[in-house]
Amino acid sequence: MHCSATSESMDDSFQTPDPTLSLAMELIARPSVTPDDGGCQELIAARLAAAGFQVEGMPFGAVHNLWARHGAASPLIIFLGHTDVVPPGPLADWHSPPFTPTVRAGQLYGRGAADMKGSVAAFVQALLGFVAQHPDHPGSVGLLLTSDEEGVARDGTRAVMEVLAARGEHIDYCVVGEPSCRDTLGDTVKNGRRGSLNGELVIHGTQGHVAYPERADNPIVRFAPILQTLIMTVWDQGSADFPATRLQFSNLQAGTGADNVIPGSLRALFNLRYAPTTPASTLQTRIEAVLAAHGVRYSLNWRLSGEPFLTRDGPLKAALSESITAETGVRPEYSTGGGTSDGRFVAPFGAQVLEFGPINESIHKVNEAVAVADLARLTRIYRGTLERILAR
Ligand SMILES: [Zn+2]
């Protein structure tokens, strides 16, 4: 059962070490800079197998993936997470070594504490607790972990989802453990994400001497008004659920290094974070129309790194919201802002997907940390979500 945050649960944490904290510390102590797993999944697999889960490693290339399931019936509710972490950055800036989990002043420090070994530990403890109390629960519960979330994300969740779909294993509900909260545990749930569309644009010109511009064709000059037009374009107004579509340039290269040479080409990389109101194909058409209107010679490669998705009101949203409020007293706000997550690989298969995890203030920074108290609270929220969907 889920408990509320009362003196009773506080007492528990003083009497016995919190199992979620212990597991999070064991995971942090296994360095797993993406796409390494560092043995994290092996540790988790052993615990879930001992509790009766069907556990399966699904490696692709250098990437470790773990699929664990308890039960064979529908609906299937899974937790989705990653065991890889981003590099620690300058070691001298860490107050304690990044792969030596350290509790100081109520915070657990270490690379991955918040993103997302804390959530992964909470997932495991929530699943173990749920299955122990409801060995014959209806439906199924599962855990999908990858070591390829922080990197290229090709051989991780995306690849596993294709295997599961081919087998006919349909996921109904998915909770992603990405650190979603802003100031206090429970304040934010992500109920969707914008799409992410990348463009690599090359403007072709003709190289020449700067003193003879009439014999050259300067791609920098040709690009300037195109840049101006694209950054001033209003793509849409967004919607009640999504912020407006935005285009950002991230890389711009031209020039030979010499100050007397007009370059032969210019290369620009840009990204659009887009709302579902404006499909990727429409954005592509509009940008190509701008280029055509400026009469330039160009090549343009598109790469769609994630379709947008939105999870509307339904059993998962109700169960997670109620669990959060029961534990924290906070009513979560729903948001589709921020970067993408592996939820984008699960939603297209028809699952309801929500993201909920700890406070994200320290993620990817030096001295990454999660509040020790939030680990037990997160565990109760995740478990409460399972209880509310499958066991009431
Ligand atoms: Zn993450």
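Guide: Let us begin with a loop. Pro75 lies in the loop between strand E2 (65-70) and strand E3 (76-82). Helices (H or I, at least four residues) and strands (E, at least two) are DSSP runs, numbered from the N terminus. The peptide bond from Ser74 to Pro75 is cis, its omega being near -5 degrees.

Visitor: How should I regard the numbering and the origin of the model?

Guide: Residues are numbered from 1 along each chain as its sequence is written. The model is predicted: local features need pLDDT of at least 70, side-chain atom pairs count only at pLDDT 80 or more, and totals for chains, interfaces and linings use all residues.

Visitor: Which other peptide bond is cis, and which residues have a positive phi?

Guide: The general idea is that most residues other than glycine have a negative phi, and most peptide bonds are trans. Here, the peptide bond from Asp115 to Met116 is cis, with omega near -10 degrees; Met116 lies in helix H4. Ala105, in the loop between E4 and E5, has a positive phi near 50 degrees. Asn367 has a phi near 60 degrees, also positive in a residue other than glycine, and is found in the loop between strand E18 (352-355) and E19.

Visitor: Is Ala105 buried or exposed?

Guide: A residue is buried if 20 or more other C-beta atoms lie within 10 Å of its own, exposed if 12 or fewer, and partly exposed in between, with C-beta atoms placed from the backbone. Ala105 counts as exposed because it has 8 C-beta neighbours inside 10 Å. Asn367 has 18 C-beta neighbours inside 10 Å and therefore counts as partly exposed. In the protein chain, buried residues make up 44% of the 392 residues.

Visitor: How is a sheet read, and in what order do E4, E5 and E19 stand?

Guide: Strands of a sheet pair through backbone hydrogen bonds, either parallel or antiparallel. Two strands count as paired if DSSP finds at least two bridges between them. In this case three strands form an open sheet in the order E4-E5-E19, with antiparallel pairing. Its edge strands, E4 (102-104) and E19 (369-371), each pair on one side only. E4 and strand E5 (residues 107-109) are joined in the antiparallel sense over three bridges, and Val103 has Leu108 in E5 as its bridge partner. Helix H4 (residues 113-133) packs on the sheet, touching E5 and E19, and its direction makes about 50 degrees with that of E19. For such angles, axes are lines fitted to C-alpha atoms, for helices over the stretch in contact, and angles run from 0 to 180 degrees between N-to-C directions.

Visitor: Which residues touch the most other members of the largest nonpolar core?

Guide: In soluble globular proteins, nonpolar side chains tend to be buried together. A nonpolar core is a set of buried Ala, Val, Leu, Ile, Met, Phe, Trp, Tyr and Cys residues joined through C-beta atoms within 7 Å. The largest one has 73 residues, of which Ala24 and Cys174 touch the most other members. H4 gives the most to this core, with 12 residues. Leaving aside neighbours within four places in sequence, Cys174 is in contact (C-beta atoms, placed from the backbone, within 7 Å) with residues including Ile78, Leu80 and Val353. Another core lies apart from it, with 14 residues, among them Leu197, Ile226, Ala275 and Leu283.

Visitor: Into which domains is the protein chain divided?

Guide: Domain bounds come from an automatic or database domain assignment. That assignment gives domain 1 (7-193 + 308-390) and domain 2 (195-306), whose C-alpha centres lie 38 Å apart. Eight residues from domain 1 and 10 residues from domain 2 take part in the contact.

Visitor: What is the strand order in the sheet of four strands?

Guide: This open sheet has the order E12-E14-E10-E15, and its pairing is antiparallel. At its edges are strand E12 (246-254) and strand E15 (297-306), each pairing on one side only. Neighbouring strands are turned by 15 degrees against each other on average, direction ignored. Strand E10 (residues 195-204) and strand E14 (residues 265-274) pair in the antiparallel sense over 10 bridges, with Asn198 opposite Asn271 in E14. Helix H6 (residues 219-232) lies across E10, E12 and E14, and runs at about 10 degrees to E14.

Key
Contact = placed C-beta atoms within 7 Å.
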